[in-house]
Amino acid sequence: MSLPEESNLNDDFLIREIILSHDPDDSFQLDDCQMLLSLVEATFCCTTTENVFDPRNIVVTGSSDEPISRTIYKISNEIQYGCEEDANLHKKTLALLELLGHYRWDAKVVLALASFAHCFASFWLILQLQPDNALAVSLAIVKQLPRAILKPKFKALSLLVNTMLKLSKIIVQFEGVSLHHELVDNRAMDVAMKKIYLATYWFFRGILVCSSQFPDLRSCLSLEQVSSDRTVIAAWGLHSLGKKLDDLCRNLVQDVENCTHQIDTRLYEKLLRLFTEKQDDNQKALHSLFASQNEFPFSNAFSRDKIGILELKSKTILLLISTPALLPLDKAFSLVQQTQTKENCVVIWLPIASTNEWSLVDRTSFEFFSKRLPWFSVRKPWQLNSAAVNYIRQEWSFRQDPIMVALDDEGLVANADAMDMMWVWGSKAFPFSTSTETQLWEQANWNIELMINGIISPALMSQYGKEGRNLCIYGSDNIDWIKEFNQTIKKMKTIAGVQLEVVYVGIKNLDENVKNILNTIDQENTTISLTFNNIHLFWIRLEAIKRSISRHLDTPNGDEIAGRVSELLEMKGGGWAVIGGGSSNGAIKFDQEKLRECMGRFSINKNVAEMGLVAAINEACASGGKCMHDEEIPYEEGLIEKMMICGSCRRPIKKFVLYKCDK
């Protein structure tokens with residue numbers, strides 16, 4: 001009856017020794033345990049997986065920032081030295097723990113396992129691959145390894161290594177959980193930690209036991225030795241140790257799952273509170289969302305600096321959330337131009353994979369963009385807590401398309417859908433709150449600048465405005481109509497003597513025909529030529545305007561802007577054109593038939609200089625029907641002499657005096 005108490009007492013003494021060997025130091029850490037563990041697992045399993053990465057990308061930080069290979073070399077020497085001595089196995093295990101005393105528990109087991117692989121992986125692979133692989137057979141002869149598979153011993157060794165791999169994954173998972181230890185019941189965390197201590201000890205002991213078997217395997221060159229009592233005894237010892245580690249795995253995984261469940265529930269609730277309730281600053285919210293084993297969870301691609309959460313204090317933050325592939329290159333480049341924000345505003349790219357596991361394609365895409373884009377990036381996005389990912393998917397409605405979430409300087413969500421706002425307004429939308437979006441649309445008018453801002457360079461747009469030039473954008477996929485249209489515009493410019501710049505924007509669904517038309521336009525030099533990518537971005541911008549204005553239809557010009565943009569997006573063939581004065585109010589749209597009719601009448605109009613181009617075209621296009629629009633304008637001195645333009649039909653309107661009694 002006293003055996004369980006005696007066992008617990010022994011465990012308590014052992015735990016004390018293990019804790020004494022643990023001297024954590026934040027300057028000694030493994031940059032990415034999961035990445036290295038995947039590499040080691042592929043080595044032992046004699047496979048290649050899409051989650052295996054270049055080990056040169058892994059960094060072990062320490063007093064000298066030594067490379068991973070140097071750290072593993074030192075540990076492997078200690079393992080091999082322990083194999084050759086007859087010293088007490090318990091003492092050798094504690095010595096190995098002390099060697100890795102500065103590292104976290106997950107880093108300890110992963111580095112030890114990688115060092116074991118460094119020592120014996122080639123031997124291991126040869127034993128696995130022979131006799132089916134001719135190269136393995138040849139290497140076995142050269143290295144004087146046994147031709148016959150030592151089935152009992154090798155099977156027990158394989159099971160033990162697989163169990164150690166499984167145990168290392170659980171410990172790595174637990175270290176990620178422990179980042180939010182304050183959300184877990186104290187007793188549950190204490191119980192789990194005690195099991196982590198014991199599991200780590202027996203894991204290290206298993207490494208030493210496995211390592212001690214390889215010299216024996218190398219010396220077993222005869223069948224008599226293979227079947228000797230020593231081999232059977234060794235196999236039984238390996239089997240017993242594997243059974244103990246397997247029991248530790250089963251017990252530990254239950255505790256880790258319990259802690260994970262508590263964290264998933266409580267972290268979700270915590271994030272809900274932090275992003276919606278007023279805080280002193282944004283630090284608590286960011287620490288909860290980006291909890292990391294490293295105090296610098298972000299990186300700056302241009303400066304190569306690592307960025308801490310403290311550096312984001314009192315800043316407006318734009319979280320660009322997307323898949324690791326982000327966007328096509330042309331669209332990503334345009335978004336970079338749009339996100340040139342103010343000094344106290346930071347863009348952070350947070351990629352989230354489509355599945356729980358990051359594939360090699362995901363990581364390759366992330367590495368490509370994170371090293372080239374001028375934003376901050378999350379350094380290890382695959383380490384983001386599952387509850388945080390779930391929160392982003394549920395509360396911020398992230399699916400696959402990129403979204404942009406604006407956080408104010410207190411960490412509150414100012415706008416959970418600021419992407420369209422960024423496409424339409426750029427840095428003008430700072431601080432990117434929903435109220436700012438409303439204000440911008442209240443001041444907006446339907447004009448050419450709204451349609452092409454960011455598509456044509458701002459400097460060129462400013463120059464056109466100063467020179468009083470009008471702009472015409474047109475689209476079609478019919479080269480004959482385009483040539484006819486350009487001749488009509490050329491004739492109109494000659495007759496009216498107006499400055500009019502013409503820009504071709506293709507059609508919504510771009511194809512090779514549009515590319516051919518662009519080549520023709522370039523050769524004839526009849527209009528301003530946009531690149532194929534810029535034409536694509538023009539239609540992306542129109543889509544963004546449509547989505548954004550649909551949330552603000554109650555603004556003064558909301559219905560008109562929404563209707564005009566929808567008309568352009570729904571055009572299905574034929575030609576169309578919009579003519580206006582850049583940023584000035586008003587623009588007139590023609591479809592193919594109306595354009596022919598109006599341009600034919602325009603030649604007789606003599607009021608362009610006085611009325612302006614848009615009003616003159618409107619008058620020329622009037623079909624004889626009367627416009628019933630009227631406006632009441634408070635009297636101002638000199639107002640009678642000014643020409644007034646109708647806000648509906650854009651033609652000159654007659655003036656009447658209206659007297660109203662206020663009582």
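The model is predicted, so local features need pLDDT of at least 70 and side-chain atom pairs count only at pLDDT 80 or more, while totals for chains, interfaces and linings use all residues. Residues are numbered from 1 along each chain as its sequence is written, and side-chain values use heavy atoms, with hydrogens and water left out.

**Aromatic rings**

- Tyr268 belongs to helix α10 (residues 229-274) and Tyr391 to helix α14 (residues 386-395), so the pair ties together parts that are 123 residues apart in sequence.
- Helices (H or I, at least four residues) and strands (E, at least two) are DSSP runs, numbered from the N terminus.
- Tyr268 and Tyr391 are both buried, a class set at under 20% relative accessible area, with exposed over 50% and partly exposed in between (1.4 Å probe, protein chains only).
- A cluster linked by ring pairs comprises Trp349, Trp358, Phe366, Phe368, Phe369 and Trp382.
- Arg363 lies over the face of Trp382, at 3.8 Å from the ring centre.

**Crossing of α12 and α21**

- The axes of helix α12 (residues 329-338) and helix α21 (residues 532-549) come within 10 Å and cross at roughly 65 degrees; axes are lines fitted to C-alpha atoms, for helices over the stretch in contact, and angles run from 0 to 180 degrees between N-to-C directions.
- On the α12 side the contact involves Asp330, Lys331, Ser334 and Gln338, and on the α21 side Asn533, His536, Leu537, Ile540 and Arg541, contact meaning heavy atoms within 4.5 Å.

- Val177, in helix α7 (residues 151-177), is buried at a relative accessible area of 6%.
- Leaving aside residues up to four places away in sequence, Val177 touches Cys259, Thr260 and Ile263.
- Val177 and Ser386 are 209 residues apart in sequence, with a C-alpha to C-alpha distance of 9.9 Å.
- Leu310, in the loop between β4 (306-307) and β5 (316-322), is exposed at a relative accessible area of 63%.

Key: Phe/Tyr/Trp six-rings, centres within 6.5 Å; stacked < 30°, edge-to-face > 60°. Lys NZ or Arg CZ within 6 Å of the ring centre and 35° of its normal.
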